[in-house]
Amino acid sequence: MKFLKIFLLSVFLLSLFSCGSDDDICIGGEATPRMKLKFKTKSTGKMKTLDSLYVKVNYGNGWLPVVAKAKVDSVFIPLRVDESPFTEILVGVKKAEINSKVKVNYTTATQYVSPACGIKKIYENVTAQLEVSDAVIDLEQNQTQITDENKTHLFLLF
């Protein structure tokens, strides 16, 4: 009888401590990456900090505001995660004038991350077009793939 109690206690303790591992929680930022935008002055090519920035994105069901910041030198924009091959972005430096339109084209692929995080989208063959120029004068492509958020993907020239 004593052997049975020790056996059951050891099985219980073993099962209790064997369930927890680091990959059971998705905490390392392994989600689908956002596009990183930075800003430059067109005439000088130097980095620029904007006094204010307003960004709206069309995710397929109308324009949604995603950024409204003051004193900003970069922003992260989530791209569409459905099967659409592009994301449309409106940019402005005044809330009443969000008129510059950027269309970001890409192909998507999926990448397995872990049991807890599942699958993330990565964006390949990324190109951007300035469809309507207003506050944004031009674009400068820096990366053609969006696999993480460490590098700047696109520069907006003001």
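**Salt bridges and buried loop residues**

Glu88, Lys101 and Glu131 are linked in a network of salt bridges (a side-chain nitrogen of Lys or Arg within 4 Å of a carboxyl oxygen of Asp or Glu). The model is predicted, so local features need pLDDT of at least 70 and side-chain atom pairs count only at pLDDT 80 or more, while totals for chains, interfaces and linings use all residues. Residues are numbered from 1 along each chain as its sequence is written, and side-chain values use heavy atoms, with hydrogens and water left out.

Q: Which residue forms a salt bridge with Arg34?
A: The closest N and O atoms of the pair are 2.8 Å apart. The bridge links distant parts of the chain, 115 residues apart, with Arg34 in the loop between helix H1 (2-18) and strand S1 (35-40) and its partner in the loop between S8 and S9 (helices, H or I, of at least four residues and strands, E, of at least two are DSSP runs numbered from the N terminus). The partner is Glu149.

Q: Is Lys121 buried or exposed?
A: Lys121 meets Glu83 in a salt bridge at 3.5 Å, N to O. Buried means under 20% relative accessible area, exposed over 50% and partly exposed in between, with a 1.4 Å probe and protein chains only. Glu83 counts as exposed at 66%. Because its relative accessibility is 11%, Lys121 counts as buried.

Q: Which backbone oxygen does the side chain of Ser84 reach?
A: Ser84 lies in the loop between strand S4 (74-77) and strand S5 (86-92). At 12% relative accessibility, Ser84 is buried. Its side chain reaches, at 3.0 Å, the backbone oxygen of Phe86.

Conventions:
A polar contact is a pair of N or O atoms within 3.5 Å; within protein, one must be able to donate a hydrogen and the other to accept it, and residues adjacent in sequence count only if both atoms are side-chain atoms.
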